[in-house]
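Me: I have a two-chain model open and want to go through how it is put together. Can you take my questions as they come?

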Amino acid sequence: MTTSSPSSETMSTPMIPQREPPDPRRGVTGWLRKNLFSSPLNSIVSLIMLAFAVLIVWPLLQWAIIQADWLGDTRQACTGEGACWVFISARLESIVYGFYPESEIWRVNIVFVMLAGLIAWLVLPRLPSKGWVALFALTGFPIIAFFLLAGGAFGLMPVSTRDWGGLMLTLTIAVVGIVGSLPIGILLALGRRSSMPLVRGVSVVFIEFWRGVPLITVLFMASVMLPLFVPSEIEFDKLLRALVGIMLFWSAYMAEVVRGGLQSIDKGQDEAGMSLGLGYWQRMGLIVLPQALKLVIPGIVNTFIALFKDTSLVLVIGLLDLLSIIQSGLTDPEWLGYAMEGYVFAALVYWVFCFSMSRYSQRVERKLHTGH
Amino acid sequence: MWRSVQRSREKGALWRDPSFRALVVQAVLLIALAAVIFMLVSNTMSNLEERGITTGFGFLSERAGFSIPQTLVDYTGNSSYAMTFVVGLLNTLLVSAMGVVAATLIGFLVGIARLSPNWLLAKAAMVYVETFRNIPLLLQILFWYFAVLQALPSPRDSLSFFETIFLNIRGLVVPAPLPQPGFSAVLWALLLAVVASFFLVRFARRRQDRTGQRLPAGWLSLALIVGLPLAVYAFSGFPLNWEVPALAGFNFQGGITILPELAALWLALSIYTASFIAEIVRSGIQSVDHGQVEAARSLGLTPGVTLRKIVIPQAMRLIIPQLTSQHLNLIKNSSLATAIGYPDLVAVFAGTALNQTGQALEIIAITMAVYLTISLVVSFLMNLYNARVQIKER
């Protein structure tokens with residue numbers, strides 16, 4: 001009897017590896033079922049959204065990319081059905097630099113590179129000594145940028161602010177607004193929480209006044225009334241007038257953001273500083289403000305975003321920023337009828353700046369949340 | 001030791017006394033403030049004199065001499081600058097009210113859509129928010145006005161909807177209602193229905209508190225508010241005619257024309273502000289602890305009731321203050337009307353009237369005072385509301 005047992009034979013065949021049970025919740029169909037077709041109502045919504053996407057997104061893509069004209073430098077280059085991006089590329093230089101003299105554009109470029117470098121340094125988490133870089137960005141950089149852009153010293157040819165324009169002017173207004181409004185805002189926030197009634201009163205009135213009026217009336221006031229307020233010998237530059245208005249206006253908003261941070265710092269921190277014998281400015285500068293400002297970085301960045309978008313309002317007082325240079329290009333008799341292209345391009349530029357700022361602020365917010 | 005400390009407080013170091021120091025600081029601030037104000041006033045006075053500008057509000061009663069395309073009250077070129085102010089203010093309030101309603105509506109829809117379990121809907125809402133809140137409002141206003149509405153056909157080739165509503169480059173023309181005698185009864189019926197449904201809701205709530213039984217008060221009052229005026233309207237023999245616009249020559253006669261400027265401003269303001277309101281609504285709803293929903297469901301409340309009675313009241317407490325500040329922003333942003341020539345307060349008063357009279361000081365002051373008043377009144381009302389809502393928290 002040498003018959004091998006059937007059981008051992010079956011044992012010797014290799015076992016089929018276990019498979020997971022079929023799960024309707026996984027895979028592409030599972031995902032679709034869960035996220036798009038979980039109920040009859042959901043299915044209808046999904047179908048409507050899909051139809052919407054096909055009806056809107058596809059023609060948009062065709063207009064903006066597939067049928068668009070990209071090359072050339074005159075209107076004749078635009079023959080297709082789609083967008084005429086030649087309209088933008090033909091005037092790209094004035095969109096970026098305004099009417100800055102062509103031989104001096106390298107100065108603007110240096111400032112652009114410095115600005116980009118500083119922002120990158122402050123944003124990238126690995127790089128060291130952010131405090132010093134931030135201090136330089138708020139003090140040294142504006143001075144260097146001013147002399148580079150305006151000229152008139154160190155052998156640089158002076159360039160009148162009337163020739164500033166385009167993206168360069170937008171960024172100038174934004175940076176000056178940010179650099180100016182932050183310190184004033186911090187002072188106002190401290191003033192609003194001061195125990196001295198007069199200081200508090202002045203701060204409250206100042207903040208509530210600027211927050212209660214539209215920026216456009218502030219700009220009107222700056223351009224019409226500021227010359228009346230100063231002795232008539234002093235000539236005020238149009239750009240400078242707008243900058244003063246923008247700084248005052250946004251410092252009030254900044255003050256409210258900073259105040260939120262100050263309020264969230266435990267009173268014990270301040271009292272501990274007091275019992276160590278520190279004076280008011282030492283306590284604020286060394287203990288309270290560093291904690292408070294760190295907490296409200298997202299709020300500060302959101303104010304920066306609002307400020308950046310609102311730089312476009314200088315159009316109404318006749319400064320040629322990014323938006324208004326494109327707007328004035330639309331009335332160029334050689335290029336009539338390209339409003340859509342102009343606005344879409346401008347919107348894209350603003351969007352890239354604002355969206356990246358808002359992403360940064362969200363990242364900081366998440367980082368701050370895990371700390372506690 | 002103690003004695004020496006006391007002496008130093010009494011004599012040597014007055015400067016180290018905090019209350020004395022506070023006095024000094026405030027005195028210095030007061031003097032500086034007074035000096036600045038004095039300088040501003042004296043500079044302004046001498047500058048005005050130099051330029052030969054007379055100050056005062058006398059110009060308000062002078063003849064304005066220009067016409068305005070959209071007036072909610074009687075206004076002609078012969079009206080005074082004071083009337084210009086009124087017309088501008090009413091136009092500002094009109095577009096603000098329209099914008100607040102539309103922005104709130106769109107904002108809530110998009111905010112709730114962002115939390116939808118439907119992936120496509122949630123992503124579409126996200127794209128909406130991220131697109132429109134990151135593009136300057138002024139750019140959006142110009143876009144709707146110059147790129148979209150100016151690309152519409154001329155009155156002769158209007159887009160028409162059932163030959164009653166027409167859309168063309170001059171605006172949207174809709175039929176005008178012409179109330180006949182007897183129509184006021186319908187309006188009275190509407191008022192009566194609103195008052196009655198108010199009491200009905202109150203009665204239903206008291207009854208539920210007392211007996212636990214529920215009345216479908218919402219549906220009942222809806223039926224009342226819609227049904228009663230309709231019934232009166234039908235019984236009194238339909239006392240309302242419509243004046244349908246008709247093309248006459250190069251433009252439409254009759255009907256009500258909604259200016260393209262108003263439409264562009266309204267669209268842009270609503271769409272832009274709605275993107276912020278959507279985020280507020282989303283974070284408000286998300287801030288309600290999930291345990292609240294679970295507790296309600298385990299008590300046997302239906303999802304609809306849970307949303308209405310548990311989630312929304314708690315979310316609103318967070319949403320309302322931020323919502324109000326968005327509404328205020330919208331009102332202030334309506335001043336951008338001047339960029340496309342919608343005749344709002346800033347455009348006709350701080351624009352045309354200022355250029356004609358040269359009374360910059362007075363006009364800008366009045367304009368700013370208007371916006372300040374609106375801001376302060378709205379935030380005052382909102383604080384009242386807030387106090388009422390917050391008390392319900394234990």
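Reply: Domain bounds, to begin with, come from an automatic or database domain assignment. The model is predicted, so local features need pLDDT of at least 70 and side-chain atom pairs count only at pLDDT 80 or more, while totals for chains, interfaces and linings use all residues. Residues are numbered from 1 along each chain as its sequence is written, with chains lettered from A and ligands numbered from 1 in the order in which they are written.

Me: OK, which domains is chain B divided into?

Reply: Domain 1 covers 2-46, and domain 2 is made of 81-175 + 244-391.

Me: And how far apart are the C-alpha centres of those two domains of chain B?

Reply: The centres of domain 1 and domain 2 of chain B are 48 Å apart.

Me: Switching to the interface. How many residues of chain A are in contact with chain B?

Reply: 46 residues of chain A are in contact with 45 residues of chain B. Contact here requires C-beta atoms, placed from the backbone, to lie within 7 Å.

Me: Which element gives the largest share on the side of chain A?

Reply: Helix 18 of chain A, with 10 residues. Other elements giving two or more residues to that side include helix 3 (40-66), helix 10 (197-212) and helix 16 (297-310) of chain A. Helices (H or I, at least four residues) and strands (E, at least two) are DSSP runs, numbered from the N terminus.

Me: What is that side of chain A like by class?

Reply: The side of chain A that touches chain B has 34 nonpolar, 10 polar and 2 charged residues. The classes are Ala, Val, Leu, Ile, Met, Phe, Trp, Tyr, Cys and Pro as nonpolar, Asp, Glu, Lys and Arg as charged, and the others, Gly among them, as polar.

Me: Helix 10 of chain A, then. At what angle does it cross helix 9 of chain A?

Reply: At roughly 130°, and the axes of helix 9 (residues 166-192) and helix 10 of chain A come within 7 Å. That makes helix 9 of chain A oblique to helix 10 of chain A. Axes are lines fitted to C-alpha atoms, for helices over the stretch in contact, and angles run from 0 to 180 degrees between N-to-C directions. Under 35 degrees counts as roughly parallel, over 145 as roughly antiparallel, 65 to 115 as roughly perpendicular and the rest as oblique.

Me: Is the crossing of helix 9 and helix 10 of chain A left-handed or right-handed?

Reply: Left-handed. The term applies if the near helix is turned anticlockwise from the far one by less than a right angle, and right-handed applies if clockwise. Helix 9 of chain A contributes A:Leu188, A:Gly191 and A:Arg192 to the contact, and the residues from helix 10 of chain A include A:Val199, A:Ser203 and A:Phe206. By class, this contact divides into 6 nonpolar, 2 polar and 2 charged residues.

Me: Back to chain B. What about helix 3 and helix 10 there?

Reply: Helix 3 (residues 81-114) and helix 10 (residues 303-333) of chain B cross at roughly 140°, with axes that come within 9 Å. The two are therefore oblique to each other, and their crossing is right-handed. B:Ser96, B:Gly99, B:Val100 and B:Ala103 of helix 3 meet B:His327, B:Leu330 and B:Ile331 of helix 10. That contact has 4 nonpolar, 3 polar and no charged residues.

Me: Last topic, the sheet. What is the strand order in chain B?

Reply: The order is 1-2-3-8, an open sheet of 4 strands with antiparallel pairing. Pairing requires at least two bridges found by DSSP between two strands. Strand 1 (159-161) and strand 8 (256-258) of chain B are at the edges with a single partner strand each, so one side of each has no neighbour in the sheet. The twist averages 20° from one strand to the next.

Me: Which strands of chain B form the hairpin?

Reply: Strand 2 and strand 3 of chain B, with 2 residues between them. Strand 2 (residues 165-168) and strand 3 (residues 171-174) of chain B are joined by 3 bridges, and B:Asn168 stands opposite B:Gly171. Strand 3 of chain B is also joined to strand 8 of chain B by 3 bridges, where B:Val173 is opposite B:Thr257.

Terms used:
Two residues are in contact if their C-beta atoms, placed from the backbone, lie within 7 Å.
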